[in-house]
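Student: I'm new to this one and would like a close look at a single part. Could you walk me through it?

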Amino acid sequence: MNKFFSAAFAALVACPLLSFSQLSSPEYKRYDWEAEPKPHALSEKEKKENAIVFKDKRMIEYAYNSYGDLIIYVTVHKIVKLNTDKAIELNNKVHISMYSVIDMLDLKARVISGEGKITLVDKKNIKDIENYDNYGPVKLFAFEGVELGSEVEYLYTVKKFAQYFGSEIIQTDNPKKNVEISIISPSNLKFEAKTYNGFVDFSAAKVEDGKRIINAKMDEVPAIKEEKYSGGDANRMRVEYKLSYNEIKGNKRLLTWNDASEAVYQPLILTSKKDISRVKGILKKIKVDKKLSEEEKIRKIEGYIKTHYVIKEYGADEFEEIGYIAKNHIANTRGVLKLFLELFKQLDISYEVVLTSDRFNKKFDGDFDSWVYLNEYLIYFPGIDKFMMPGSMFSRLGFVPSEYTCTDGLFIKGVELGDYVTGVGKIKKIPCVDYKANYDNIEANVKFEEEFTETSLHVKRTFTGYGALGYGQAVYSYLSEEDKKKTVDEIMKFIAEDSKVSNIVVSNTDESSILQKPMIIEGDVKTASLLEKAGDKYLFKIGLVIGPQAELYQEEERKSDAENDFNRGYHRVIVFEIPEGYKVTNLDALVMDVACVDKDGFRSAEFKCSYVVEGNKVTVTIEENYKKIIYPREQFEDFRKVINAAADFNKIVLYLEKK
């Protein structure tokens with residue numbers, strides 16, 4: 001359930017769910033582990049794995065309590081065989097989240113040695129931790145006597161407050177066997193489940209003994225290995241489920257996108273005359289000139305709020321109250337959203353509230369109306385076709401954090417019917433930002449010292465869009481002088497560790513420039529790392545001028561599509577003069593053209609390098625662009641070649657020889 005509108009959510013679903021049916025014994029009471037377990041045998045392939053999960057069983061059972069309220073019993077049973085010291089280190093402790101848990105009904109755990117010896121975990125050693133590594137409240141216990149070849153097994157059931165949407169991540173970096181998930185509910189409640197990334201579909205519902213059961217079972221689930229440039233956790237096999245119908249209430253679908261739109265939108269609109277007056281007072285302080293364009297007004301408001309107010313993701317309930325926010329200049333995500341919306345309303349700026357999710361966590365699926373996807377707020381301005389993220393201190397209009405772009409979202413438009421205000425929603429695309437808006441450019445003028453002992457460079461680095469955000473455009477003006485110097489030194493020492501920087505000038509870091517003007521860092525760099533003597537010639541390591549570039553290796557078959565965080569481009573110009581009396585014998589080494597070409601001929605990724613000679617001056621121009629977010633697996637090899645082309649350029653050495 002989305003953390004931002006839990007109250008509205010509860011109000012929406014409480015009434016339809018109070019219908020009472022005859023209580024029956026929950027399923028977990030009929031389930032138990034084997035009384036006399038035997039160690040599992042391993043195949044030769046399985047012996048090479050760090051660990052094998054031999055059982056992953058999950059039962060999520062909704063049931064009415066004696067008051068007719070809906071609760072959930074969650075049962076988890078796992079058996080993991082440990083083949084390596086690393087696996088032991090990762091699995092010799094278990095922490096069970098107690099978030100929203102009413103009661104721990106049962107918990108038992110044991111170690112089964114390779115020889116079959118059983119060691120039970122003493123329940124006295126199970127600890128309650130209030131906040132475990134900022135994970136929240138947990139039950140924590142450790143297995144004793146674990147050795148190579150042991151199996152750790154645990155089985156528990158917790159009783160929780162009802163939530164009507166849920167996710168289960170199935171796939172991990174260890175292979176699994178005997179994976180099963182069941183969703184059980186009173187017969188009048190219909191839950192739907194959808195599976196992703198290759199997990200099997202759920203069975204048709206089976207109704208017996210007053211219960212409705214849907215189930216999915218997979219004998220083997222392969223491990224998922226980390227791959228660079230991938231969609232992250234969004235690529236894992238998972239299950240999404242939700243309550244869709246209550247038969248007692250008829251055939252109307254519950255908890256739809258329209259229901260979410262109403263539940264979200266109404267509490268965001270200020271109705272208190274006192275609160276509206278407070279917002280008008282803030283607007284006076286902002287001093288928005290009526291002659292400004294709509295975009296300029298939005299930028300003026302966003303810049304003021306994000307520089308005069310502290311925005312916290314969570315925080316006390318009072319951080320959501322306009323009176324508290326106006327007085328203390330502190331707001332949580334929901335509170336600052338309310339403030340922004342009223343400010344825009346006062347200026348007659350049209351907007352839509354957008355809810356979406358991090359695409360690297362899970363891809364938003366508009367075809368399955370689970371509110372689990374409604375995690376983060378954006379504001380969309382249809383008049384200028386741009387987005388902003390109210391709760392992100394350092395993003396600005398047009399550049400919301402990239403993980404919330406190139407995905408779908410629920411767009412909610414306000415509708416007023418007299419004094420009644422509600423929201424109407426529609427699933428639409430949050431577009432990618434064009435690669436031309438996200439540049440990291442280098443201009444370098446190179447001079448060789450007379451004795452060829454050092455190289456002097458005048459370097460200009462220019463950052464736009466997400467490149468500027470990544471290099472601190474939005475925070476630079478808030479840094480101490482010492483931290484500013486440290487930041488700039490790190491940016492300008494990209495050529496070599498021995499670089500000495502001087503005469504640094506940093507431009508466009510004030511509030512009015514953030515993500516509107518490029519961040520520019522310009523200065524002088526000296527290094528001895530670009531030249532090397534080899535007999536009667538000198539080696540000019542021109543490839544290092546663009547800074548170190550990572551290589552992308554792929555020894556195993558690629559399993560996932562390649563996915564970038566954002567579209568981007570790199571424009572680099574390197575200028576140097578060939579010293580008097582010398583010549584460069586291998587300039588053609590600079591000619592490169594590597595591209596990933598789509599079926600329609602579009603160069604969606606490219607690394608292109610060329611040079612021009614005018615007298616003794618050589619100008620080298622490099623264009624490296626990534627113009628789309630996802631490169632299908634069948635294109636991966638071409639994508640990889642483009643990534644590696646920059647690393648190949650790093651290795652280019654020019655030969656300076658006497659004429």
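Student: Which residue in β25 stands opposite valine 506?

Tutor: Isoleucine 521 is the one facing valine 506. Before going on: this is a predicted model, where local features need pLDDT of at least 70, side-chain atom pairs count only at pLDDT 80 or more, and totals for chains, interfaces and linings use all residues. Residues are numbered from 1 along each chain as its sequence is written, and side-chain values use heavy atoms, leaving out hydrogens and water.

Helices (H or I, at least four residues) and strands (E, at least two) are DSSP runs numbered from the N terminus. β24 and β25 run antiparallel, joined by six bridges; strands pair if DSSP finds at least two bridges between them. They belong to an open sheet of eight strands with mixed pairing, ordered β24-β25-β23-β22-β29-β33-β32-β31. β24 and β31 each have a single partner, so one side of each lacks a neighbour in the sheet.

Now for the helix lying across β23, β24 and β25: that's α10, at about 65 degrees to β25. Such angles run from 0 to 180 degrees between N-to-C directions, with axes fitted to C-alpha atoms, for helices over the stretch in contact. In α10, Lys484, Val488, Asp489, Ile491 and Met492 are buried (under 20% relative accessible area, with exposed over 50% and partly exposed in between, using a 1.4 Å probe and protein chains only). They cover an arc of only 160 degrees around the axis, so they sit on the same side of α10; the arc is taken from the directions from the helix axis to the C-beta atoms. On the other side, Glu482 and Glu490 are exposed. The cover over the buried residues includes β23, β24 and β25, where contact means heavy atoms within 4.5 Å.
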